[in-house]
Structure formats: structure tokens, C-alpha cells
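Visitor: I have not looked at this one before. Can you walk me through it?

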Amino acid sequence: MDNEQTVQAAGGTGAARPGTLRPGGRTARTRAAVHDAVLAGLIEHGYSGLTVEYVAEHSGVHKTTLYRRWGGVDGLVADILDLAGEDSWTPPDTGSLHGDLHALALEVVHSFADPATAAPSSAVIAAAFQSEPAAQALRAFYAERFTHCEVIVDRAVERGELPGPRSAVDGGALVRAAAAPLFFRLFITREGLDERAADQAVAVALAAAHAGTFRRDA
């Protein structure tokens with residue numbers, strides 16, 4: 001990834017999203033350096049141990065700038081998720097609903113299989129349990145991801161794999177159902193993941209979908 005106060009825009013009545021003032025090449029480099037420092041701090045010290053001073057030292061960005069543009073630790077953590085949401089990720093297109101859901105599930109499994117690879121995402125998710133702004137950013141990040149994934153269900157309806165019309169099926173709910181058991185194992189029971197867990201989660205979600213569980217009028 002994939003975690004706060006917003007900085008008030010000068011002279012305006014609204015609020016600018018953290019880290020989005022003065023766009024440009026230099027700002028992008030600064031944001032990337034800050035992003036890396038925040039992640040390093042979350043991995044090393046956790047949310048409770050992360051400080052603006054740490055981010056300033058490890059990013060080379062003066063703490064006055066950090067406070068002015070991000071508002072503090074909460075804004076810095078939330079901006080990680082804002083930045084992650086700006087990537088070009090697209091849902092899989094395997095030619096079948098089962099294949100698409102299975103590919104999504106395996107993406108979760110593989111993302112968290114290696115502790116070193118999983119550390120940044122795990123640290124940001126853990127921060128969301130301690131910071132409401134980070135939690136809001138995390139919800140927004142996943143809401144956008146699930147919206148992108150609705151095309152999976154739209155295609156399934158067009159192929160006749162699910163009863164239509166497309167608007168009658170809650171695609172976001174179906175994708176959540178396939179992913180939720182995996183995140184439960186990761187962050188609640190701490191069991192870890194394997195491909196069998198992915199297979200089971202997808203099978204249950206598909207059975208529910210074919211039973212009409214995710215119809216908006218159900």
C-alpha cells in the first residue's frame with residue numbers, strides 16, 4: 001500500500017488533501033521522500049512511535065514544511081493511502097467470474113506471503129486501528145478499490161454467469177465477501193494465508209452470489 005489532519009488551503013474555505021499543495025516535479029519528489037520515511041517509521045516504531053521529527057530526519061524535509069503541508073503524523077500516514085490510491089491498478093480480467101475472484105484472492109495471498117513485502121501494508125493497516133484519520137483514509141482507499149472491482153461482476157452478468165441486470169448485483173459486496181476471510185486470517189486470528197484459504201474464500205463468495213445473496217433487491 002496500503003494510512004491526519006488536512007491542511008487548510010490559504011485564503012480558502014475548503015481543505016486541501018494532505019500533500020497535494022503546490023503540485024509539480026519537486027513536490028512529487030518531496031512527497032515520495034516523505035512517503036518512504038513515514039513507511040520506514042511505521043515499520044520500525046509503529047504508529048505510536050512515529051514522530052514528525054523522525055520523518056524530517058529520514059526524508060530530509062524540514063519539520064516546519066511537514067507540519068504546514070501535512071498537519072502532523074495523522075496527515076502523513078493518511079497521505080500514504082492517498083498516494084497508493086493514485087496508482088494505475090486495475091482488476092483482473094481472466095474471462096470468468098471464478099477466475100477474476102481467484103486472481104484477486106491470490107493477489108492478497110502473495111502480497112502478504114513475504115514478511116518483508118507485507119511489512120509496509122501491515123504497518124499502515126495497523127495504524128488505522130489507532131488513528132481515525134488513517135482509518136478514514138483506509139476506508140476511502142478500499143472503497144475506491146471495490147468500486148473498480150465492480151466491473152468484474154458486470155462482465156459476469158454479461159456472460160450469463162450471474163442473473164442480471166447488472167444494476168441488480170452489488171459487485172462491491174461480492175468482492176468484499178471474497179476478500180474478507182483473507183484479511184480476517186491476516187489481522188484478527190493471525191493465521192497466515194495460503195492458496196487453500198484463497199480457494200475457500202472464493203468458493204464461499206461464489207456460492208453466495210449464485211444464491212442471489214448479493215442482489216441489491218434481496
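**A first look**

Guide: This is a predicted model. The protein has 9 helices and 2 strands.

Visitor: In what pattern do they follow along the sequence?

Guide: The pattern reads β-β-α-α-α-α-α-α-α-α-α.

Visitor: How much of the protein is buried?

Guide: Of the 218 residues, 46% are buried. The protein exposes about 11,000 Å², and 54% of that area comes from carbon and sulfur atoms.

Visitor: Let's go to helix 6. Which residues does it cover, and how far does it reach?

Guide: Helix 6 runs over residues 115–128, which is 14 residues. From first C-alpha to last it reaches 19 Å, close to the 20 Å expected at 1.5 Å a residue.

Visitor: Where is the kink in helix 6 centred?

Guide: On Ser121, with an angle of about 30 degrees. Ser121 is also one of the buried residues of helix 6.

Visitor: Different topic. Where does Arg31 lie?

Guide: Arg31 is in helix 1, which spans residues 25–49.

Visitor: Why does Arg31 count as buried?

Guide: Because the relative accessible area of Arg31 is 9%, and buried means under 20%.

Visitor: What does the Arg31 side chain contact?

Guide: The side chain of Asp79, through a polar contact of 2.8 Å.

How values were computed:
Residues numbered from 1 in each chain as written. Predicted model: local features only at pLDDT ≥ 70, side-chain atom pairs only at ≥ 80, totals over all residues. Heavy atoms only, no water. Helix = DSSP H or I, 4+ residues; strand = E, 2+ residues; numbered from the N terminus. Buried < 20%, exposed > 50% of the residue type's maximum accessible area, 1.4 Å probe, protein only. Areas by Shrake-Rupley, 256 points an atom, 1.4 Å probe, with all protein chains shown as cover. Expected span 1.5 Å × (residues − 1). Bend = angle between axes of the 7 residues up to and from the residue. Polar contact = N/O pair within 3.5 Å; in protein donor to acceptor, adjacent residues only side chain to side chain.
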